[in-house]
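Here's a quick tour of the model you're about to see. Have a look at the fold first, and then we'll walk through some contacts, a helix pair and the cores.

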Amino acid sequence: MLKRTALFEEHQRLGGRLIDFGGWELPVQYTGLLDEHTACRNSCGLFDVSHMGEVHVEGTDAESFLNYLVSNNVTKLAVGQAQYTVMCNEKGGIVDDLVIYRRAQDRFLVVVNASNTEKDFSHMQAVQKRFKNGQAQFSLTNESAKYTQIAIQGRKASEILQKLTETPLSPIITYWFAECKILKSIPAIIARTGYTGEDGFEVYVPWERGPEVWRAMIETGSPLGLKPCGLGARDTLRLEMKYPLYGNELTDDTNPIEAGLSWVVKLDKGDFFGRPPIDAMKTAGPKRQLVGLRLLDKRIPRQHYKVFTPDGTIELGEVTSGTQSPSTKENIAIAYVPPAYAKIGTKITVDVRGAKVPAEIVATPFYKKDY
């Protein structure tokens with residue numbers, strides 16, 4: 001049996017094409033990937049991301065535990081601020097990338113990837129037993145079933161959402177949030193975060209209140225060009241930004257240094273779980289790097305396609321994500337290659353169904369918003 005979000009019937013009513021995504025029955029598209037992608041870039045897109053996992057970490061030692069659990073420096077978070085980070089295993093591989101929200105001095109909301117929720121929570125519990133010999137004072141609870149999470153993304157997101165809440169949105173800057181009411185009475189967390197490269201918000205409301213919030217957003221936003229968007233557009237939007245996706249760019253065997261995530265690794269904060277192998281790679285340098293590339297051909301690169309030297313004789317790595325960019329109309333990909341081939345402008349080839357197609361390393365993100 002596939003799991004369903006509180007918005008399942010809304011997706012059916014809107015004609016969404018539903019698929020199995022990590023054990024969840026979710027819409028891959030409504031009116032079409034290109035139409036939805038373009039709506040998000042030019043106006044506003046609405047996404048059901050209620051399948052994401054939410055974990056509450058609360059208590060006197062909550063901050064120190066999280067600071068040991070993840071690579072970023074949680075002690076730098078102010079109340080009302082969010083932080084992107086990764087948590088790693090003992091080999092320095094990425095268990096998951098996640099966002100931490102500081103709700104109070106000793107209260108945190110940790111949002112993890114949907115397919116990883118159970119694995120992540122088990123990892124957190126294992127680290128909890130080892131942290132301060134299991135004597136630390138904090139609680140760890142999986143509250144995923146209590147939240148509907150809706151992402152409203154695009155240049156008109158603020159204008160649309162402001163019509164549904166009395167809380168001023170302009171003071172909420174990127175990676176900050178407010179706990180307030182939406183539709184006058186529904187408790188909500190409104191965070192200026194997202195996965196599209198556009199301005200926008202992720203809104204957390206009680207699970208059962210999700211459908212009325214979703215419908216209100218569509219009713220209010222449709223005259224301004226808002227469209228519901230599926231997983232297909234969500235993937236092309238994040239790929240144009242070179243945002244990593246767990247299972248593609250990030251795995252339990254991926255060190256954050258090679259994944260280009262050194263900026264969320266704070267080695268000066270002291271010890272954290274998985275630090276030694278990360279520190280070692282930082283010192284020695286990675287043997288591969290995550291880069292953006294553009295095919296100099298009409299063919300489209302896809303995940304697992306092999307990357308070769310310009311003459312096509314030596315395998316360098318493989319594509320982790322690839323598509324034809326709806327925004328730039330170029331055939332783009334993200335791939336791991338040796339550092340010697342990671343410089344912008346370097347020529348390589350990609351094996352597309354037996355043909356060695358010329359490509360070059362390019363600057364990322366592939367798309368930049370113009371507002």
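## His37 and the ground rules

Contact here means heavy atoms within 4.5 Å. Leaving aside neighbours within four places in sequence, His37 is in contact with Ala233, Thr236, Leu237, Glu240, Pro326 and Ser327. His37 lies in helix 2 (residues 33-42); helices (H or I, at least four residues) and strands (E, at least two) are DSSP runs, numbered from the N terminus. With a relative accessible area of 1%, His37 is buried (buried is under 20% relative accessible area, exposed over 50%, partly exposed in between, using a 1.4 Å probe and protein chains only).

Keep in mind that this is a predicted model, where local features need pLDDT of at least 70, side-chain atom pairs count only at pLDDT 80 or more, and totals for chains, interfaces and linings use all residues. Residues are numbered from 1 along each chain as its sequence is written, and side-chain values use heavy atoms, with hydrogens and water left out.

## A helix pair

Helix 3 (residues 62-69) and helix 4 (residues 117-130) pack at an angle of about 110°, with axes 11 Å apart. Axes are lines fitted to C-alpha atoms, for helices over the stretch in contact, and angles run from 0 to 180 degrees between N-to-C directions. The two helices are therefore roughly perpendicular to each other (that label covers 65 to 115 degrees; under 35 is roughly parallel, over 145 roughly antiparallel, and the rest oblique).

Who does the touching? Helix 3 brings Phe65, Tyr68 and Leu69, while helix 4 brings His123, Met124, Val127 and Gln128.

## The cores

A nonpolar core is a set of buried Ala, Val, Leu, Ile, Met, Phe, Trp, Tyr and Cys residues joined through side-chain atoms within 4.5 Å. The largest one has 39 residues, and Phe47, Ile94, Tyr101, Leu250 and Leu261 touch the most other members. Strand 5 (82-88) and helix 7 (231-240) are among the elements that each supply at least two residues of this core. Strand 5 gives the largest share, 4 residues. Apart from this core lies another, of 27 residues, among them Leu7, Ile150, Val205 and Leu226.

## Val350

Val350 is found in strand 18 (residues 347-352) and is buried, with a relative accessible area of 0%. Not counting residues up to four places away in sequence, Val350 touches Leu293, Leu295, Tyr305, Lys306, Val307, Val319, Ala355, Lys356, Val357 and Ala359. Val350 and Glu315 are 35 residues apart in sequence and 9.4 Å apart in space, C-alpha to C-alpha.
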